[in-house]
Amino acid sequence: MVRFNDKLTLLIFTALVLAAPLILAPTGAAYPDLMQRFAIYGIFAIGFNILFGLTGYLSFGHAAFLGVGSYAAMWMFKLLSMNIIPALILSVIIAGLFSLVIGYISLRRSGIYFSILTLAFAEMSYKMAYSVLTPLTNGETGLQLALDDPRILDGVQAQDSLPSTNLFGFEMKEVFWNPHIFGYDLQFNYGYYVCAILLILSFYIAMRIFRSPFGLMLRAVKTNQTRLNYTGISSRPYTLAAFVISGMFAGLAGGLLATMDPSVGAERMQWTVGGEVVLMVVLGGMGTLIGPFLGAIFIKYFENIFSKINEGVVHGWFAYLPDWADNLLAAIVSPFVGKGWHLTLGLLFMIVVIFLPGGLVDGGRRLFRWVIRADKKDIGV
Amino acid sequence: MDAIFLQILNGLDKGSAYALIALGLTLIFGTLGVVNFAHGALFMVGAFIAVTFSKVLEISKVTVDPDKVDFLGNPAKIKVPYVVDWFGSFGDWIIDYTIPISLLFAIPVMILIGVIMERGLIRHFYHRPHADQILVTFGLAIVMGELIKLWFGSESIPVHVPEAYKSALDIGVWFGFEPGSVIYPNWRLVYFFFSVIVLSGVFAFLRFTTFGMVVRAGMADRETVGLLGININKRFTIMFGIAAAVAGTAGVMYTGVNKPVFHMGMDFLVLSFVVVVVGGMGSLRGAVAAGFLLGILESFASMPLVKDAIAAIGLPSIDQIIIYLVAVVILLVRPRGLMGKAGVMED
Amino acid sequence: MGILEVQNVNKHFGGLHALNNVNLNVEQGSVHALIGPNGAGKSTFLNCLIGKLKPDTGSVLFDGQPVLGKKPHEINQLGVSRVFQTPEIFTDLTVLENVMIPCYAHRDGPFRVNAFGRVRKDKGVRDQAEHMLEDLGMKEKMHAHSGSLSRGDKRRLEMAMCLVQEPKLLLLDEPTAGMARADTNNTIDLLKHIGETRNITKVIIEHDMHVVFSLATTISVLAQGAIIAEGLPDDIKGHPKVREAYLGEAEV
């Protein structure tokens with residue numbers, strides 16, 4: 001069996017991510033907006049996996065850190081500069097501080113208590129963003145850019161339209177290369193490559209943590225806290241560190257969402273968003289390196305595809321069938337697509353937890369082993 | 001004084017709902033050791049049983065009245081619900097009492113749903129990690145919510161309360177306040193009494209029947225009870241059905257307080273979890289006490305007087321988050337909640 | 001002065017006087033067995049020693065330092081390791097990783113974020129762990145998944161995890177409970193081997209008299225929460241109070 005060492009894995013990962021606009025072209029997912037989402041939610045899930053996958057602590061509160069990251073980035077855009085660097089730095093720092101506070105309190109308990117506490121904190125942050133913190137979050141309207149924002153670093157510019165986010169002048173939205181290859185119209189934009197590089201960096205950090213003594217301690221927390229404590233290790237600071245690290249990843253993801261589309265509403269902090277990242281990690285394979293990213297792509301891809309399918313499209317699929325069969329099949333399928341995407345998502349959640357607790361990565365491994373065994377049988381080994 | 005009294009009353013109906021849901025959650029925690037994220041969905045399903053029933057009753061026979069024309073000049077159509085057509089004034093009475101009558105349907109349906117849920121899904125998760133239990137029931141909650149949305153749409157649907165309970169009652173007079181100072185909608189009072197009856201019913205059932213005794217013993221120490229040769233699993237299935245019925249009937253009656261909508265289950269779920277944790281995981285009395293406590297607290301925080309006072313000392317309005325703040329403080333001071341026992345759900 | 005000094009420890013559970021003025025003095029280098037019939041308070045006593053329970057009154061000095069009220073990991077860092085009744089190991093990790101964790105705890109203390117080190121290339125720690133496993137005869141299993149080990153091997157692994165920390169005191173809570181005779185004898189041999197190669201003070205709580213008399217240098221007898229006898233194994237064998245306490249329970 002092929003064994004990937006870490007360097008090779010990282011190399012392949014980097015190559016795939018950088019070549020994504022080309023690779024994804026045949027799937028119809030190769031437009032910048034969606035690819036950025038893949039990368040951003042990939043970062044979110046990779047970070048979440050450091051907490052959930054390694055320590056086993058299930059947090060439902062990470063949407064709060066995503067939202068906080070977005071708000072922090074927005075304020076940098078409004079006050080300081082449209083350059084994304086200060087925005088991203090602040091979103092990571094603020095999300096880190098925020099997760100330190102929430103983590104410190106929530107981690108006084110473990111197991112279910114911990115999950116419920118984080119759930120309560122997420123809901124509280126969401127409600128606060130709507131009510132108490134309106135001066136910071138602009139309540140229900142959401143925080144947006146305005147023409148008269150100070151932006152002290154950017155200097156006085158003739159502003160007749162809202163400025164765009166940029167990296168030292170390279171606008172995130174700008175498509176810098178637009179070639180036609182194999183009949184596909186490819187778009188390479190700065191925004192995706194900023195996200196892609198941060199994704200690769202996140203993946204590398206996660207990989208190092210997995211292989212480090214720190215990561216070993218986190219896995220020990222998951223397996224047997226009693227033994228860990230009687231081995232002279234204080235488990236809580238380790239868990240808190242993992243919590244804060246994953247919170248910072250979430251903050252980075254939130255900041256990146258704001259660089260993609262500079263506006264943020266409180267709904268980004270709703271706990272169901274936190275539930276989605278849990279699903280990404282579980283679906284991909286918790287505790288594996290590549291799983292969370294696969295889960296993120298899987299969900300964001302199908303969300304995108306499924307949400308676009310309407311009844312007309314469904315009828316189109318079955319048009320060659322007799323009318324009654326067309327109608328019957330369309331009636332069966334249409335609840336799951338379009339606006340019904342969440343139904344599919346919920347079912348997916350259940351199916352994965354019930355039948356594939358190891359996620360896609362584990363499923364892939366089993367399939368691989370099964371194929372190999374079948375091969376050997378064929379040649380009579 | 002009367003304002004305070006009014007706020008306590010206002011907190012009662014929300015508190016009742018919290019208490020009823022939290023009671024079921026705690027029962028399931030305590031007996032099965034499972035965290036049921038789909039419990040809020042059961043509340044929601046109950047509410048939509050009432051909606052369904054009212055829709056069924058509204059199915060009408062359409063006849064054309066040849067003598068009258070509508071504003072377009074066509075013969076006027078008269079809609080008469082079939083129940084009225086068949087039963088006359090008794091039919092009218094049935095329609096009027098849609099909500100209470102729905103209870104009769106809701107109880108068996110909810111028990112059935114509960115038993116199916118336990119047998120079909122939850123049972124297979126007893127020996128899986130808590131995270132898996134949370135995830136699979138969370139998925140189930142999403143599915144149930146979305147199915148309801150698919151069928152009934154995403155708008156909230158009103159269900160009318162019986163004519164006799166539509167008005168409000170000047171309760172203040174009973175307690176010696178000025179007439180007109182404490183006015184309380186009748187149906188909310190009904191809801192409160194309903195919850196008191198259900199809660200006492202459940203407690204009496206657990207206290208005075210052999211079945212209840214075994215369940216309580218099982219909550220205290222499942223293994224030992226299992227060793228006594230008592231088929232604890234069967235009883236736990238029934239307990240799950242009962243918890244589902246409690247949540248469902250709470251949902252049916254709640255349709256008279258607020259219009260049901262598909263996401264109400266999730267909204268109540270989060271708060272009910274907070275209630276359970278504040279009350280102390282595994283403590284039935286704690287869940288009920290914390291339910292009412294937090295309901296009333298929420299109502300106080302939204303009181304104009306309190307809002308002004310808070311604004312006066314320079315704080316923004318906190319009525320939205322008061323429950324969470326109090327919950328966090330309580331858990332910091334008493335990590336096991338108000339009435340929690342050591343060792344419950346702590347592994 | 002002993003390495004572990006327990007003075008006048010009392011513990012009540014409601015009306016039950018679980019520990020009644022317990023005094024115990026464990027000499028450096030000894031193997032001190034604590035025996036007693038069921039419900040005598042042995043587990044309560046052990047839990048008081050390692051920080052899981054807090055006694056109502058009394059003091060416990062380890063190496064001259066008070067340990068009451070300290071958390072388990074703090075007591076461990078002072079040099080006390082514990083072997084549990086059912087082996088507590090990290091079942092999701094490999095045997096080698098299991099032994100490396102206490103090495104890190106010994107080297108880095110209770111908390112250190114070393115997120116960019118590489119466990120596989122950590123030569124010092126790895127050698128230390130491998131030597132330990134070699135000494136206890138588990139080196140060939142070091143890449144095995146520890147959850148799949150036999151019970152005897154799990155016990156051996158747990159010992160390795162404790163010993164690699166070079167503790168001053170090793171607490172053993174019924175190390176042979178529930179074991180077949182052969183496994184019990186293996187454990188006795190293992191403990192003898194440890195005694196020959198390292199000078200570690202041991203406190204053994206044990207039911208099995210065969211184990212106790214094969215290993216102990218000193219024996220204390222606990223009955224109904226109080227120490228009723230203490231002395232050399234030969235003295236204890238014939239002690240009338242001990243016979244009384246054990247009457248009908250086991251052959252002494």
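Reader: In chain C, what share of the contacts with a separation of 6 or more comes from residues 24 or more positions apart?

Author: The share is 67%. This is a predicted model, so every value here is computed from it.

Reader: What makes two residues a contact here?

Author: Their C-beta atoms, placed from the backbone, must lie within 7 Å.

Reader: What is the corresponding share in chain A?

Author: In chain A, residues 24 or more positions apart account for 75% of the contacts with a separation of 6 or more.

Reader: How do you know whether the radius of gyration of chain C agrees with a compact globule?

Author: Set the value against the rule. For 252 residues, a compact globule would have a radius of gyration near 18 Å. Chain C has 19 Å, so the value agrees with the rule. Along the principal axes, its C-alpha atoms fill a box of roughly 60 × 40 × 35 Å.

Reader: Why is Asn138(A) called partly exposed?

Author: Count its neighbours. Asn138(A) has 18 C-beta neighbours inside 10 Å. Buried needs 20 or more, and exposed needs 12 or fewer. The count for Asn138(A) falls in between, so the residue is partly exposed. Asn138(A) sits in the loop between α7 (134-137) and β1 (143-144) of chain A. Its phi is positive, about 60 degrees, although the residue is not a glycine.

Reader: Which strand of chain C pairs with β1(C) over five bridges?

Author: That partner is strand β4 (residues 57-62), in the antiparallel sense. Two bridges are enough for a pair, so five meet the test. Within this pairing, Asn10(C) stands opposite Thr57(C) in β4(C).

Reader: What is the order of the four strands in the open sheet of chain C?

Author: The order is β2-β1-β4-β5, with antiparallel pairing. β2 (16-26) and β5 (65-66) are the edge strands, since each pairs on one side only.

Reader: How do you know that strands β1 (residues 60-69) and β2 (residues 75-81) of chain B pair?

Author: They share seven bridges, in the antiparallel sense. At least two are needed, so the strands pair. Thr63(B) stands opposite Ile78(B) in β2(B). The hairpin of these strands has five residues between them, and Gly73(B) takes a positive phi there, near 95 degrees.

Reader: How many residues does the largest nonpolar core have?

Author: It has 294 residues. Those with the most contacts inside it are Phe44(A), Ala253(A), Leu23(B), Val274(B) and Val99(C). Domain 1 (1-79 + 167-252) and domain 2 (90-165) of chain C both contribute residues, so the core lies between them.

Reader: Which residues does Ala253(A) touch, leaving aside those up to four places away in sequence?

Author: Ala253(A) touches Ile40(A), Tyr41(A), Ile43(A), Phe44(A), Leu66(A) and Gly69(A).

Reader: How many residues of chain C are in contact with chain A?

Author: On the chain C side there are 29, facing 23 residues of chain A. α2 (72-78) and α3 (95-108) of chain C each give two or more residues to that side. The largest share, six residues, comes from α3(C). By type, the chain C side divides into 16 nonpolar, seven polar and six charged residues.

Definitions and conventions: Residues numbered from 1 in each chain as written. Chains lettered and ligands numbered in written order. Predicted model: local features only at pLDDT ≥ 70, side-chain atom pairs only at ≥ 80, totals over all residues. Nonpolar A, V, L, I, M, F, W, Y, C, P; charged D, E, K, R; others polar. Core = buried A, V, L, I, M, F, W, Y, C linked by C-beta atoms within 7 Å. Domains from an automatic or database assignment. Rg over C-alpha atoms; globule rule 2.2 N^0.38 Å.
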